[in-house]
Amino acid sequence: MEHQVTPMNTYHKKYDVIVVGAGHAGCEAALAAARMGCETLIVTINLDTIAKMSCNPAIGGLAKGHLVKEIDALGGEMAKNIDKTGIQFRRLNTKKGPAVRSSRAQADKKAYQDEMKRMLEKQEHLDIKQVLVEELLTENGHCIGIKSQTQTAYYGDTVILTTGTFLRGTVHIGDVSYSAGRAGESAAEKLSESFLNLGFEIGRLKTGTPPRVNAHSIDTSQMEIQPGDDDPLPFSFSTEQITHPQVPCYLTYTNEKTHEVIRENLHRSAMYSGRIVGIGPRYCPSIEDKVTRFAEKTEHQVFVEPEGIDTDEIYLNGISASLPEDVQVDMVHSIKGLENAEIMRFGYAVEYDFAPATQLQPTLETKNVPGLYFAGQLNGTTGYEEAAAQGLIAGINAALKVKGHEPLILDRSQAYIAVLIDDLVSLDIREPYRMFTSRAEYRLTLREDNADLRLTDIGRDIGLVNDEAYRRFKMKEAAITSELKRLDATRLTPNAVTIEKLRSIVETGALKQPTLLADLLKRPELNYEHISRLAPATDLLHPTVTEQVEIQIKYDGYIQRQQRQINQFKKLENLRIPDTFDYVGVRGLKTEAREKLEKIRPTSIGQASRLPGVSPADVSILMVMLHQHGR
């Protein structure tokens, strides 16, 4: 259905890219497009909430840290912003293998917002406006702009929607519900109608947030202190060191009294009274869900996290709730150290519209409306990092489309970002999606530490990595290559001096013959520091270089094996399926497979093989048909 383009006013400037929404997805999309030279407009309901952390004031975490590092390697902003404003940095899973190590940082919430807003304001080719969008404008089936609540049309060659939780958003606290995208903020009520008129499928999802309390009203002496790392590791590959003041967090626990308060009042919870129909996040459940689903547990963790340096607001991570306010008070006061806590903001659930991402191409452009892109929670994801990753790719591809260039489509062997997008567009996910390391089948090669080695050249090619960042990257790359060569060419001779020196450094097996330094480093009990004391490099190497050298040598066999798997994977990914391929005419396909293939229209045999309902036999039939058609 076409919309009549008859607004009262037309804004005087036409844009290459228009971004609707200025959350984490919108910010990355707008900055990417503008930095690639496109005249870009970003619009938001409220300029004061740009990059607002609606829920947990933190960036990164397990697998999410990988996304942030990849965003940085491609030329995005999130990593740099948290490095400037983080108040506690921690490296997670440090005692486990490098594939699952991740970074996390607690943010100074307001500073993070302000810094990102400054970045948008000073970015060339980028205009920022406070506008409530009510309609998408189309012409001949293509998206050509947006219409505001004040009946002004803004025209652009491409439009990216990053509406977060604002599409027909409804906030629930106990038996009270009201229209809002976040507590205290207006929802976008009419834009969903535009979606439906354009033929998009829409569903409902739910997320929530816990109470915030005043720091002066809690007793941290009764809690376990959770300090950050002594030497904080930055997220961005271009950040030399963290300079923002650092603070501790704390850990306390719910107890049987807490659970009793919740159980006695479940009938008053918006979630359990039937007021909420949207599906909530499986891996970040509300406290009502935890107490109900894990009834055998006598306690649940509550992370007590400051929201910033210049505020006394404390975030109670772990007790997201849609209970009435009086019940939230009793619940919080039952927890050790929070007996006298003064709640500053009550927890709530928010229900909102989303558009299942199977309606998108891997570029994040919609299939049925060219020029229109979706990114972030609109696609059914949960988390700032997942949103930012999508926003970056949508911004890049919108800019490439405007320029007439081929789109950027990463594959699952290249990045967690690709795993995220491939899962979204292929799997017909109907609950909030979050990233885990277990979702990435090639996680040994998709590590946090090598995100720059995997993606910086791509970011440079599309114009997002500047000269200085690229120069530093090439220096690091050269240093890694040089040191790997040195360790693989230098032998340690087992004379009396060497044997004694080795014995004084670490307890290890005897050195009986000349041995390559690289082979020595493969011993489990030796690390790069030990090797450098035995035979130091000519130049002092940066810790990120030596970390990379050690990982590549120690895990060389595993990495080579995974690379062979990746080579097999790429063979299927390189078998492209034409957009016009006739699945209905393929004999032998199961009905379920045919329906799924028709709906998703995969771009490759590889993607087809990952679709639920498509069996190996179906894939074999497709390969035969493609071969017969000369593919």
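Which residues are buried in helix 8 (residues 325–333)?

1. **Helix 8.** This is a predicted model. In helix 8, Val327, Gln328, Met331 and Val332 are buried. Buried here means under 20% relative accessible area. Why do they sit on the same side of helix 8? They cover an arc of only 130 degrees around the axis, and that puts them on one side of the helix.

2. **What covers helix 8.** Both helices and strands take part in covering its buried residues. Among the helices are helix 6 (256–264) and helix 7 (287–293). The strands include strand 11 (170–173), strand 14 (212–214), strand 18 (313–317) and strand 19 (343–345). Find these elements in the structure, then look back at the four buried side chains, Val327, Gln328, Met331 and Val332.

3. **A four-stranded sheet.** Strands of a sheet pair through backbone hydrogen bonds, either parallel or antiparallel.

4. **Strands 13 and 20.** How many bridges join strand 13 and strand 20 (residues 348–354)? They pair over seven bridges, in the antiparallel sense. One place to look is leucine 205, which stands opposite tyrosine 352 in strand 20.

5. **Strand 16.** Is strand 16 (residues 249–253) mostly covered or mostly uncovered? It is mostly covered, with four of its five residues buried. Strand 16 pairs with strand 15 (residues 224–226) over three bridges, in the antiparallel sense. It also pairs with strand 17 (residues 301–306), again antiparallel, over four bridges.

6. **Leucine 251.** Leucine 251 is the bridge partner of glutamate 224. Leucine 251 also stands opposite phenylalanine 303 in strand 17.

7. **The cavity.** How many cavities of 30 Å³ or more are there? The count comes to one. The largest cavity holds about 30 Å³ of space. Which residues line the largest cavity? The lining is made by Lys206, Gly208, Met271, Ile276, Ser286, Glu288, Ser320, Ala321, Ser322 and Ala349.

Notes. Residues are numbered from 1 along each chain as its sequence is written. This is a predicted model: local features need pLDDT of at least 70, side-chain atom pairs count only at pLDDT 80 or more; totals for chains, interfaces and linings use all residues. Side-chain values use heavy atoms; hydrogens and water are left out. Buried means under 20% relative accessible area, exposed over 50%, partly exposed in between (1.4 Å probe, protein chains only). Helices (H or I, at least four residues) and strands (E, at least two) are DSSP runs, numbered from the N terminus. The arc is that of the directions from the helix axis to the C-beta atoms. Contact means heavy atoms within 4.5 Å. Two strands pair if DSSP finds at least two bridges between them. On a 1 Å grid over the protein atoms alone, a cavity is a set of points where a 1.4 Å probe fits but cannot get out, and a pocket is an open set with protein on both sides within 12 Å along at least five of seven lines; lining residues have an atom within 4 Å of a point. Grid points are joined across faces, edges and corners, and a volume is the space filled by probe spheres set on the points.
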